[in-house]
Amino acid sequence: MADIKLSGIRKSYGSSEVLHGIDIDVKDGEFVVFVGPSGCGKSTLLRLIAGLETISDGELQIAGQKVNDLTPSQRKIAMVFQSYALYPHMTVYQNMAFGLTLGKKGPLGGLLGGGENKKMIEEKVHKAAASLKLEPLLKRYPRELSGGQRQRVAIGRAIVRDPNVFLFDEPLSNLDAALRVNTRLEIARLHQELEATIIYVTHDQVEAMTLADKIVVLNDGYVAQCGTPLELYHQPANKFVAGFIGSPSMNFLEATVTDIGPEDIEVVLSSGKVKVRLPVLPGDLALDARVSIGIRPEHLQEGSGEVFRMSSRVKVVEQLGEASYLYLENGEDDPFCNEPFCVKTNGHSSIRTGDSVDICAALSAVHVFNASGIALTRTTTDSRYIAPRRA
Amino acid sequence: MRNSRRLGPLAVHALLISYTIIALFPILLIIFNSFKSRKAIFKSPLSLPDANTFDLVGFEKVLGSSSFDVYFLNSISVTVMSLAFVLVLGAMAAWALAEYDFPGSDFVALFLAIGIMIPIRLGSVSLLKIIVSLGLINTLTALVLVYTAQGLPLAIFILREFIAQIPDDLKEAARCDGVTEYRIFWSIILPLIRPALATVAVFTMIPVWNDLWFPLILAPGEDTATVTLGIQQFIGQYVTDWNAVLASLTLAIVPILILYLVFSRQLIRGLTSGAVK
Ligand SMILES: Nc1ncnc2c1ncn2[C@@H]1O[C@H](COP(=O)(O)OP(=O)(O)OP(=O)(O)O)[C@@H](O)[C@H]1O
Ligand SMILES: [Mg+2]
């Protein structure tokens, strides 16, 4: 059992606070991914959990025990570093066995070796090496390995220790694209095999979406949202998460509330030309309040449907084969106020730069955020636009 | 363009070669002349020994007569002991100063920096008093203690810089693995700073081996004299036995040369490659 519970975790460096009270629950065997933009405190949070930094305030529990003041090894965690951190003067075998020679403390604080017996260590290392296909490399030095192989050694070194929790800090960011996909699958397989609790830091949302049981989105030292990948995708709690999850990211339009019903609101876009009723609970929204409307590129289509029957000129077309992204321009007649408005169409679309297109989206695909960026609850039951219930 | 580019390395090499010749010339002179007869030394000091002038009388005198083996042993044990202390203590202190933030660490670092700037010989009188009151006068221990103190500041300064360059991830990975701080030091830090240790070793041992000052004031006795002191017995007020002096100087080069060759093999290696990234 290795549940992890963070309550009110804070971290300050000198007078500047970088984590402002983090609460997260991680269940035993869960794969949790921390994502967020650079500098939001992901690595710091991971290092706090590892015990490499002291916690300024709050409580960290692992397996029901408060571990704030325990050393990393007492917490029974294993960390895989972005830089791999292999010992350059040791072979792959020695790298993997190094932490094991101290299972029990020998004399002089383990200086003279002792501890776990040699055979057991050999067995463990070979087992881990086999599962990572490292066996032919055991006698090599880290400088004689490729990036992907080094990464596997680093993971192997964590596995042999049989920890309660695995911590990964951007383990794939030094690998090239193809290798990244392979290693990602490898990590997913390992998680199933080991049934271990894993906390994984990344800024790559594809990694986050594909690997995670649960994603924690961090923004500027706060938890922006915490949930399953599909929950974050379909029911973002705020504008930050809505914009962060999904690629290309969600389109936002500014609008003003013109009518408030019991289970829907009517808004007019800032151009003044488009007026629609949206199926969201108004909460404490007032008339004339400014709201943001969010629509994902993949929920927009060519044609004229329920909402936003608008035409606009296409500024850029990006053809990816299976799909094309149209970036629309601010025309006279269109309401798109800020960034380029992105629409995902099918790959054989014949639309070219400069063409005029009509686009539309289903009402239930639309997100609404109030002036402080908090999402209004959507009432839709359309299964295409909401996350499946958790089992 | 092309000419000036060519001239660059040529000029540099010319400079270096002439410097090497100037630096090596006296040493070669000592070695040549130690194999010549006394007459030949004075008649043509610059010529190589030939069949007529070749003479091993100096070596015979040095190795046969006096207690030169004792001097050699003294020099070697003082140098090796001081070297060991400077390297082990220096590396440990450097690791402590580089890795841990403890109260007074800045003061200790400053104190050591002062040790680099002020030559230890300025304190000779007080050192002599301390050694006398410790009852260590005329012992090799006195020399080892003084040389360790002399070598430590620079050793710590250099090693601290190197230790600071070892990526933090390596130490942290070891800590996550439950490795004790002692073992991190012995199994990770020391192997990685081996080139720096070799540099420090060379810098430390040469002045110790060549020193005449402290053996003269702290351990001038017949049993504790070092090679440099021992040679002095051939240099008299009226007569100097040049054959013996040159022969003993030539012999004195050998051990230090061997030590240097041992360490210089370490100097070249870049050991950190493959550590991270
Ligand atoms: N030792 C430190 N001293 C002071 N500030 C620090 C220290 N370490 C990190 N910070 C600050 O804490 C904040 C969070 O840093 P952190 O390394 O956790 O970011 P991150 O989310 O991992 O970013 P990235 O994706 O770029 O790795 C940053 O603003 C950083 O400047
Ligand atoms: Mg980071």
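This is a predicted model: local features need pLDDT of at least 70, side-chain atom pairs count only at pLDDT 80 or more; totals for chains, interfaces and linings use all residues.
Contact here means heavy atoms within 4.5 Å.

Take helix H8 (residues 168-176) of chain B and helix H9 (residues 181-192) of chain B. Their axes sit 10 Å apart, and the two helices pack at an angle of about 145 degrees. On the H8(B) side, the residues that touch are B:Leu170, B:Lys171, B:Ala174 and B:Arg175, and they meet B:Glu181, B:Ile184, B:Ile188, B:Ile189 and B:Leu192 in H9(B). Sorted by class, this contact has 6 nonpolar and 3 charged residues, with no polar ones. As for handedness, H8(B) passes H9(B) in a right-handed crossing.

From H7(B) come B:Tyr147, B:Gln150, B:Ala155, B:Ile158, B:Leu159 and B:Phe162, and they meet B:Ala196, B:Leu197, B:Val200, B:Pro207 and B:Val208 of H10(B). The class count for the contact of H7(B) with H10(B) is 10 nonpolar and 1 polar, with no charged residues.

Over in chain A, helix H5 (residues 147-160) packs with helix H6 (residues 177-194) at an angle of about 15 degrees, and their axes are 11 Å apart. Since angles under 35 degrees count as roughly parallel, H5(A) and H6(A) are therefore roughly parallel to each other. The crossing of H5(A) and H6(A) is right-handed. H5(A) brings A:Gly148, A:Gln151, A:Arg152, A:Ile155 and A:Ile159 to the contact, while H6(A) brings A:Leu179, A:Thr183, A:Glu186, A:Ile187, A:Leu190 and A:Leu194. By class, the H5(A) contact with H6(A) has 6 nonpolar, 3 polar and 2 charged residues.

Chain A also supplies the residues listed around ligand 1. Surrounding ligand 1 are A:Tyr13, A:Val18 and A:Glu170, along with the run A:Ser38, A:Gly39, A:Cys40, A:Gly41, A:Lys42, A:Ser43 and A:Thr44. Some of these residues come with distances to oxygen atoms of the ligand. For A:Ser38, an N or O atom in the side chain is 2.5 Å from an oxygen atom of ligand 1. A:Gly41 uses its backbone instead, where an N or O atom lies 3.0 Å from a ligand 1 oxygen atom. In the side chain of A:Glu170, an N or O atom is 3.4 Å from an oxygen atom of ligand 1.

Two loops of chain A hold backbone details worth a look. A:Ser247 and A:Pro248 are joined by a cis peptide bond, with omega about -5 degrees. A:Pro248 sits in the loop between helix H9 (239-244) and strand E11 (251-260) of chain A. The other detail concerns A:Lys76, a residue other than glycine with a positive phi, near 60 degrees. A:Lys76 is placed in the loop between strand E5 (65-66) and strand E6 (77-80) of chain A.

Terms used. Residues are numbered from 1 along each chain as its sequence is written. Chains are lettered from A and ligands numbered from 1 in the order in which they are written. Side-chain values use heavy atoms; hydrogens and water are left out. Axes are lines fitted to C-alpha atoms, for helices over the stretch in contact, and angles run from 0 to 180 degrees between N-to-C directions. Helices (H or I, at least four residues) and strands (E, at least two) are DSSP runs, numbered from the N terminus. Angles under 35 degrees count as roughly parallel, over 145 as roughly antiparallel, 65 to 115 as roughly perpendicular and the rest as oblique. A crossing is left-handed if the near helix is turned anticlockwise from the far one by less than a right angle, and right-handed if clockwise. Ala, Val, Leu, Ile, Met, Phe, Trp, Tyr, Cys and Pro count as nonpolar, Asp, Glu, Lys and Arg as charged, and the others, Gly among them, as polar. A residue is near a molecule or strand if one of its heavy atoms lies within 4 Å of it. A polar contact is a pair of N or O atoms within 3.5 Å; within protein, one must be able to donate a hydrogen and the other to accept it, and residues adjacent in sequence count only if both atoms are side-chain atoms.
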